Amino acid sequence: MRAPAQSATAEQFYADLVAQNGASVRAYLLRLTRNQSIAEDVYQETLLRAWRHRQRLVGREGSIRSWLYTVAHNAAVDQLRGRRSQPVGSEVWDSIQQPVPDHADAVVASAALMPALRRLTAEHRDVIFELYYRRSTVTEAARSIGIPPGTVKSRAHYAVRALRAELASAASSGPGSPS
């Protein structure tokens, strides 16, 4: 930017400053902060600082644009650091304190389920696998196994009954239960 003449009014200095540097400083801040709102806040702060220091900038040797970039960079760093140091609001704190899913229950269930599944017949295991593990529909399971859909339904019914009986038996004779 050409430095405004000493006799230029403060308003003319500001208008020239924004016209010649505003778009590039805004673009720089948007790339730097990656947030439109923060970039706009920092842009306004940069222009305010330029306004406050206009006496030193008028007739200054060197680039006013480089001064603006330096001020913008420092203001952005200050803004971002300030945002990090602010205490977290209660609604944010509550949202990050949600319970984390614990896979321990799934591990325990799997440890009990696998031996019970092994004790089922191959036909029952195939149906359970297709319907519950692969989440196939009855028609898809029938096509995959090569049996009629009615047989899939029947085997699924008896397989689930047998699996429940196996799991109940394992629970009653498991660790901690009287032998």
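Helices (H or I, at least four residues) and strands (E, at least two) are DSSP runs, numbered from the N terminus. This is a predicted model, in which local features need pLDDT of at least 70, side-chain atom pairs count only at pLDDT 80 or more, and totals for chains, interfaces and linings use all residues. Residues are numbered from 1 along each chain as its sequence is written, and side-chain values use heavy atoms, with hydrogens and water left out.

**Two loop residues with positive phi**

- R34 lies in the loop that runs between α1 (10-33) and α2 (36-52).
- Although R34 is not a glycine, its phi is positive, near 55°.
- R34 has 74% relative accessibility and therefore counts as exposed (over 50%; buried is under 20%, partly exposed in between, with a 1.4 Å probe and protein chains only).
- R135 sits in the loop between α7 and α8, and its phi is about 60°, positive in a residue that is not a glycine.
- R135 counts as exposed because its relative accessibility is 69%.

**The pair α7 and α8**

- Helix α7 (residues 122-133) and helix α8 (residues 138-145) have axes that come within 9 Å and cross at roughly 135°.
- α7 contributes D126, V127, E130 and L131 to the contact (heavy atoms within 4.5 Å), and α8 contributes V138, A141, S144 and I145.
- By type, the residues of this contact are five nonpolar, one polar and two charged.

Key
Axes fitted to C-alpha atoms, helices over the stretch in contact; angles between N-to-C directions. Nonpolar A, V, L, I, M, F, W, Y, C, P; charged D, E, K, R; others polar.
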